[in-house]
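Here is a briefing on one protein model.

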Amino acid sequence: MTTVRRFWIEFDPQECSDARFRQGVGVTGFDVRDCLSMVADLVPDGLLPPVHRITVDISLAEPLPVNPRHLGVPVWRGVWYPPVNLETGPTLSIDRRGAPCDYPTPVTQSPPRRASETMRTKATWWDEIPHIDGLLWPPVIMHRAEYGRGMRLSAPALRDVCATDSTYGDMVREALDFMIAWRPTPDEWFDPTETRFADQRDLDEYLRAFRAYLFGTRPEPIYPPGSEPLSPEDAWLEAIGRLVVTRPGPIDAPGSERLSPDAQPRLPEDA
């Protein structure tokens with residue numbers, strides 16, 4: 001059975017006019033042409049710029065040139081950076097007509113570093129988590145303080161993936177079971193996630209609730225400190241703060257001349 005793989009596609013920066021693709025595109029698909037065809041579907045005329053480099057089996061444990069909070073779901077077939085598949089879900093149709101025939105030979109990423117090296121942490125217990133070298137997102141990155149309220153969007157997507165992809169779900173379950181059995185201390189948890197829990201009991205409850213949400217009947221996980229949703233008033237203020245308002249300069253009528261405030265109007269010569 002053919003399985004999907006993760007690809008990171010980089011286009012020629014001199015030829016890439018679409019700002020969405022200038023840092024690269026993350027796609028999960030059966031092969032290069034499958035991935036390029038899905039990217040081509042995002043371009044109005046279907047014409048992609050020249051491909052500069054393709055990395056196959058890209059590891060999300062390694063730093064990407066983009067903000068990890070802006071990724072979609074990498075285990076779904078489709079474009080996950082930009083995070084298109086957060087809105088569309090997995091791409092089911094296959095149409096390779098939009099894929100260019102000329103592209104460089106894909107290169108394989110170097111073996112990922114150990115988890116503690118990748119996360120630049122002092123702890124080594126992360127290295128013992130099953131599948132951790134290729135599975136940093138569910139047990140670690142989702143829970144980082146810098147990710148904040150993004151977990152409220154990604155947790156339902158992760159639950160859906162675990163339900164539809166049994167192999168991936170088994171890996172996530174095994175990793176979480178190990179973490180729950182290990183019972184990391186609040187200090188051990190803070191080392192890679194920078195999220196502080198008040199005591200051991202709160203952290204234990206948090207991990208058990210996360211597992212019960214993904215694989216049980218719990219309707220909501222316990223969200224980490226700092227991920228509380230904004231109140232309507234704070235959300236409105238945040239939105240206003242992101243606006244950049246520029247006041248246009250005066251527009252003169254056709255054929256008129258701009259006058260300084262103290263200039264005298266000039267009468268027509270034949271008046």
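Aspartate 31 caps the N-terminal end of α1. One of its side-chain oxygens lies 3.4 Å from the backbone nitrogen of arginine 33. Helices here are DSSP runs of H or I with at least four residues, strands are E runs of at least two, and both are numbered from the N terminus. The model is predicted: local features need pLDDT of at least 70, side-chain atom pairs count only at pLDDT 80 or more, and totals for chains, interfaces and linings use all residues. Residues are numbered from 1 along each chain as its sequence is written, and side-chain values use heavy atoms, with hydrogens and water left out.

**Helix α1**

- Helix α1 spans residues 32–40.
- Because 8 of its 9 residues are buried, α1 is largely enclosed by the rest of the structure.
- Buried means under 20% relative accessible area, exposed means over 50%, and partly exposed is in between (1.4 Å probe, protein chains only).
- The buried residues of α1 are Val32, Asp34, Cys35, Leu36, Ser37, Met38, Val39 and Ala40.
- They pack against four strands: β1 (5–11), β2 (25–29), β3 (51–56) and β4 (78–81).

**Proline 13**

- Proline 13 sits in the loop between β1 and β2.
- Its relative accessible area is 57%, so proline 13 counts as exposed.
- Proline 13 and glycine 24 are 11 residues apart along the chain, and their C-alpha atoms are separated by 9.6 Å.

**Alanine 209**

- Alanine 209 belongs to helix α7, residues 200–215.
- Its relative accessible area is 5%, so alanine 209 is buried.
- Leaving aside neighbours within four places in sequence, alanine 209 is in contact with Arg218, Pro221 and Ile222. Contact means heavy atoms within 4.5 Å.
- Tyrosine 223 is 14 residues from alanine 209 in sequence and 9.3 Å away in space, C-alpha to C-alpha.

**Whole protein**

- The protein has 8 helices and 5 strands.
- Along the sequence, the pattern reads β-β-α-β-β-α-β-α-α-α-α-α-α.
- Of its 271 residues, 39% count as buried.
- Among contacts with a separation of 6 or more, 63% come from residues 24 or more positions apart.
- The protein exposes about 16300 Å², and carbon and sulfur atoms supply 53% of that area. Accessible areas come from the Shrake-Rupley method with a 1.4 Å probe; for residues, only the protein chains shown count as cover.

Notes. A polar contact is a pair of N or O atoms within 3.5 Å; within protein, one must be able to donate a hydrogen and the other to accept it, and residues adjacent in sequence count only if both atoms are side-chain atoms.
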